[in-house]
Amino acid sequence: MAQAGIKTVILLSFVLAVGFLMIILSCALWSNWLPLLVALTFVLAPLPNAIFAHCGGDDFSADYEGSGPVDLGRFITSTVVVTGFALPLVLAHSEIIKPGACGMSIVGGALVYGTILAYTAAFRQEDSDYD
């Protein structure tokens with residue numbers, strides 16, 4: 001996806017809207033608003049990666065040996081993503097929410113997080129050596 005255009009933006013916005021719709025419906029249909037926390041976790045999940053991505057590596061090393069801050073950002077992101085998938089399962093297991101609400105919130109959360117990942121992949125700007 002080197003050249004992301006208007007069709008990409010329209011598709012991603014449609015998938016994001018469907019994801020949020022499923023999360024909101026999982027709350028509204030069963031009159032329990034706790035699955036809305038899933039939307040919050042998946043919206044906040046990419047932030048550690050975005051913050052810590054600029055903290056690692058120098059321009060003089062060609063090999064990627066790993067960087068502490070970048071790895072910490074990835075770890076925090078993965079923890080938040082796992083929390084986003086596990087929270088509805090824990091709430092459904094403890095019978096706080098219904099299993100249908102659990103399924104809808106997991107699918108909606110996956111759509112939201114997948115849309116965020118696809119957007120960042122489609123509109124990533126490669127660093128140039130001449131900037």
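**Ground rules.** I number residues from 1 along each chain as its sequence is written, and I work with heavy atoms for side-chain values, leaving out hydrogens and water. Since the model is predicted, local features need pLDDT of at least 70 and side-chain atom pairs count only at pLDDT 80 or more, while totals for chains, interfaces and linings use all residues.

**Entry: serine 26.** I found serine 26 in helix α1, residues 6–28 (helices are DSSP runs of H or I, at least four residues, numbered from the N terminus). Its relative accessible area is 0%, so I put serine 26 down as buried (buried is under 20%, exposed over 50%, partly exposed in between, with a 1.4 Å probe and protein chains only). Leaving aside residues up to four places away in sequence, I listed Asn32, Pro35, Ala101, Met104 and Ser105 as what serine 26 touches (contact means heavy atoms within 4.5 Å).

**Entry: ring pairs.** I looked for pairs among rings of Phe, Tyr and Trp (six-membered ring for Trp), with centres within 6.5 Å; planes under 30 degrees apart are stacked, over 60 edge-to-face, the rest tilted. The count came to three aromatic pairs. One of them joins phenylalanine 42 and phenylalanine 85, edge-to-face, at 5.1 Å centre to centre and 70° between the planes. Phenylalanine 42 sits in helix α2 (residues 36–44) and phenylalanine 85 in helix α4 (residues 68–93), so this pair ties together parts 43 residues apart in sequence. Phenylalanine 42 is buried at 0% relative accessible area, whereas phenylalanine 85 is partly exposed at 29%.

I then checked phenylalanine 42 against tyrosine 113: ring centres are 5.9 Å apart and the planes are at 40°, so I logged the pair as tilted. Tyrosine 113 belongs to helix α5 (residues 99–122), 71 residues from phenylalanine 42. Both phenylalanine 42 and tyrosine 113 are buried. Phe42, Phe85 and Tyr113 go down as one aromatic cluster.

**Entry: cores.** Which residues make up the largest nonpolar core? I got nine: Ile23, Val38, Ala39, Phe42, Ala45, Val81, Val112, Tyr113 and Ile116 (a core is a set of buried Ala, Val, Leu, Ile, Met, Phe, Trp, Tyr and Cys residues joined through side-chain atoms within 4.5 Å). Helices α2 and α5 each supply at least two of this core's residues. Apart from it I noted another core of six residues, including Leu91, Ala92, Cys102 and Ile106.

**Entry: leucine 47.** Leucine 47 is in helix α3, residues 47–52, and is partly exposed at 42% relative accessible area. I read 7.5 Å between the C-alpha atoms of leucine 47 and threonine 77, which are 30 residues apart along the chain.
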